[in-house]
Amino acid sequence: MESGPAIFAGMVFALFGGALLTWTGTRLRRREPVAHGVNQVASAALASVAGTVALALGGYCLSRL
């Protein structure tokens with residue numbers, strides 16, 4: 001019964017992290033800004049870190065089953 005919320009949270013984190021990393025990579029490959037009005041390197045680094053942390057949290061949640 002307790003594995004349901006862990007599966008849900010793990011999948012949400014994993015999907016968000018994967019989507020954020022894919023979106024960031026696509027924006028960088030097209031040489032478009034990741035965030036408007038912010039240094040491109042700083043915004044790409046912050047988005048990459050956030051995506052990686054979300055993937056790690058998703059993996060952690062799914063490994064706790």
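L15 is exposed, with a relative accessible area of 58% (exposed means over 50%, buried under 20% and partly exposed in between, with a 1.4 Å probe and protein chains only). The model is predicted, so local features need pLDDT of at least 70 and side-chain atom pairs count only at pLDDT 80 or more, while totals for chains, interfaces and linings use all residues. Residues are numbered from 1 along each chain as its sequence is written, and side-chain values use heavy atoms, with hydrogens and water left out.

**L15 and the nonpolar patch**

- L15 lies in helix α1 (helices are DSSP runs of H or I with at least four residues, numbered from the N terminus).
- I7, M11, L15, L62 and L65 make a nonpolar surface patch of about 460 Å².
- Helix α1, residues 3-29, gives the most to this patch, with three residues.

**Helix α2**

- The end C-alpha atoms of α2 are 34 Å apart, which agrees with the 34 Å that its 24 residues should span at 1.5 Å a residue (the expected span is 1.5 Å times one less than the number of residues).
- Buried residues in α2 are S43, A44, A47, G51, A54, G58 and C61.
- The buried residues of α2 pack against α1.

**S43**

- S43 sits in helix α2, residues 40-63, and counts as buried because its relative accessibility is 8%.
- Not counting residues up to four places away in sequence, S43 touches V34, A35 and V38 (contact means heavy atoms within 4.5 Å).
- The C-alpha atoms of S43 and P33 are 8.3 Å apart, with the two residues ten apart along the chain.
- At 3.1 Å, the side chain of S43 reaches the backbone oxygen of Q40.

Technical notes. Helix = DSSP H or I, 4+ residues; strand = E, 2+ residues; numbered from the N terminus. Polar contact = N/O pair within 3.5 Å; in protein donor to acceptor, adjacent residues only side chain to side chain. Patch = residues over 30% accessible without salt bridge, like charges linked within 9 Å, V, L, I, M, F, W, Y side chains within 5 Å. Areas by Shrake-Rupley, 256 points an atom, 1.4 Å probe, with all protein chains shown as cover. Salt bridge = Lys/Arg side-chain N within 4 Å of Asp/Glu carboxyl O.
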